[in-house]
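Here is a short report on one protein chain. Look over the sequence and the model first, then read on.

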Amino acid sequence: MTNEIAVSKLARECKSLFTELKRLQDRIRVKLIAHADGKNLKGNELVGWLGEIYGKLLYNGKLALDREEHDFSANGWRVSVKTRKGRGAGWKQSGVIPKISGEGCPTHLLFVHLEDDYSIDRIWLF
C-alpha cells in the first residue's frame, strides 16, 4: 500500500469520528464562551481555555485580552495560566512564560492539571 493510499484510508475511517468530535467541541465552546468575558477563544485549544476559565472562576476574576502578558486578573493579581492534560511524557513541563519581570508581567502563575477525561486533577497557584 502506498503512503497516499494509507493516508486516504485512515482519513476515511476517521471522518465520522472527526465530525462527531467537531460537534462536541462546538457545543463545549458555546458553554465556555459564556464564561469568557468577551475574550476570543481562538483556535482549538480546549485544554488552555479550560485552565484559564477555571482559574478565572476559582478566583472570581476576569479574563485578560490577548495583548496582555497574563491570562486573567483577580484580587489585584495578574495570573498566567499553564494547563496540561493527562500523564504522558512532558505533562509536568510548562510552556513558555514570555515575561517574568518588568511592567505588566504576571504576578502569579496558576498551574492546572486535567485528567485524560478533562476532569480537574489539581490546581495550584504560585
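Predicted model: local features only at pLDDT ≥ 70, side-chain atom pairs only at ≥ 80, totals over all residues.

How many helices and strands make up the secondary structure of the protein chain? There are two helices and five strands.

## Overall build

Both kinds of element follow a simple order. Read along the sequence, the pattern is α-α-β-β-β-β-β. The chain has 126 residues, and 28% of them count as buried. Its radius of gyration is 18 Å, whereas a compact globule of 126 residues would have one near 14 Å. The C-alpha trace tells of its extent along the principal axes: about 60 × 30 × 30 Å.

Contacts come next. Take those between residues at least 6 apart in sequence: 48% of them join residues at least 24 apart. Carbon and sulfur atoms hold 55% of the accessible surface.

| Property of the protein chain | Value |
|---|---|
| Radius of gyration | 18 Å |
| Span of the C-alpha trace along the principal axes | about 60 × 30 × 30 Å |
| Accessible surface | about 8600 Å² |

## The largest pocket

The largest pocket has a volume of about 360 Å³. Its lining holds 18 residues, and the closest to the pocket centre are Lys39, Glu45, Glu52, Asp66 and Asp71. Two elements give two or more residues each to this lining: helix H2 (46–58) and strand S3 (77–85). Strand S3 gives the most, with four residues.

What is the make-up of the lining by residue class, nonpolar, polar and charged? The lining divides into 10 charged, four polar and four nonpolar residues.

## Trp124

Now to a single residue. Trp124 sits in strand S5, which covers residues 120–125.

Arg12 gives a sense of distance. Trp124 and Arg12 are 112 residues apart in sequence. In space they are 42 Å apart, C-alpha to C-alpha.

How values were computed: Residues numbered from 1 in each chain as written. Heavy atoms only, no water. 1 Å grid on protein atoms, 1.4 Å probe; cavity = no way out; pocket = protein on both sides within 12 Å on 5 of 7 lines; lining within 4 Å. Points joined across faces, edges and corners; volume = space filled by probe spheres on them. Nonpolar A, V, L, I, M, F, W, Y, C, P; charged D, E, K, R; others polar. Rg over C-alpha atoms; globule rule 2.2 N^0.38 Å. Buried < 20%, exposed > 50% of the residue type's maximum accessible area, 1.4 Å probe, protein only. Contact = heavy atoms within 4.5 Å. Areas by Shrake-Rupley, 256 points an atom, 1.4 Å probe, with all protein chains shown as cover.
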